[in-house]
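Look at the model first, then read on.

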Amino acid sequence: MSQIKTIGVLTSGGDAPGMNAAIRAVVRTGIHHGLKVMGIRKGYNGLISGDIFEMNLRSVSDILHRGGTILHTARSKEFATEAGMQKAVTISRIFGIDGVIVIGGDGSFRGARDLSNLGVPTVGIPGTIDNDIACSEYTIGFDTALNTVKDAIDKIRDTATSHERCSVIEVMGAQAGYIALHVGIANGAEAIIVPEKKFDFHHDVIKPIIEGKNRGKRHDIIIVAEGVGGAVELAGKIQQETGIEARATILGHIQRGGSPTVMDRVIASQMGAKAVQLLKDGIGNRVVAMKDYKIVDYDIIEGLNMTKTIDDEMVELAKILSL
Ligand code: F6P
């Protein structure tokens, strides 16, 4: 690979708190290493349209504590086409971009792999609140989202307790139940329903509610991941079967915003620095990841082929703790 002098950075897919911390780390460590850093707006769309600008040390002042992404983001349909990808390669050449850092989820990583295959070295940084990137134990934004959801459920619990109701809360995670499982434990849910595990309405929801009531419980928290969905219908069925008043809350995009936690700021900073180091050393076609709490990197195809499952021990623990 020829020497990399100019790098581009973009954020793609759903935004996640901590993306700004990663952008800041890319810009500042890049400049520290003598590289020119170009910001690419609106994900891969900006790489196709040339919405690109040079960043300096001050371009990333005052963003560390801010949610969202100053580079904006998109799920680019055009980049998924052969013509779109070719345009992105041409634009990279025109702007003198020798390597690109992509901060996003696994859809964004697939884009990074395609760009690499077309001769533009890329490094992916895992950024999504869902924590569903197989090759990494952690994705930027997960901890902040968990804390946002935890706060919201604490508030819902107050009113559920006062009215002796059952609260059904739908959290994000179209294909993944990591948010549901973690807040299920953190907020003491009676039942946690995730897309990765089959569930039986009577055995997994009604039974714990009835048994809990018989043991003196006065309210219930049921967490359902977006990928399973149907919180409103679920609340209706619970009320019908148990006679306990039930209400549904769909938390939605509130989970994606807000100031990143310390954990997200620190990990995003480390991952941003690692991505720059790789490109500076002439190493592309990689993804940055966390393994055993350390920042590591994998070949992008190897990373995309990895699988990750929901932790059965945590699922069991959640059930025991809700007795
Ligand atoms: O990937 C992050 C995520 O928030 C998912 O949990 C959710 O399914 C999806 O993005 C929602 O996307 P949008 O912002 O397009 O509604």
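Which pocket is the space taken by the ligand? The ligand takes up the largest pocket. A pocket here is an open set of points on a 1 Å grid over the protein atoms alone, where a 1.4 Å probe fits, with protein on both sides within 12 Å along at least five of seven lines. A molecule sits in it if more than half of its atoms lie within 2 Å of its grid points.

This is a predicted model, in which local features need pLDDT of at least 70, side-chain atom pairs count only at pLDDT 80 or more, and totals for chains, interfaces and linings use all residues. Residues are numbered from 1 along each chain as its sequence is written, and side-chain values use heavy atoms, leaving out hydrogens and water.

The domain assignment, automatic or from a database, gives domain 1 (6-141 + 260-305) and domain 2 (145-256). Both give residues to the shell around the ligand, so the ligand lies between them.

Around the ligand are R75, T128, I129, D130, M172, G173, A174, E226, H253 and R256, each with a heavy atom within 4 Å.

Terms used: On a 1 Å grid over the protein atoms alone, a cavity is a set of points where a 1.4 Å probe fits but cannot get out, and a pocket is an open set with protein on both sides within 12 Å along at least five of seven lines; lining residues have an atom within 4 Å of a point.
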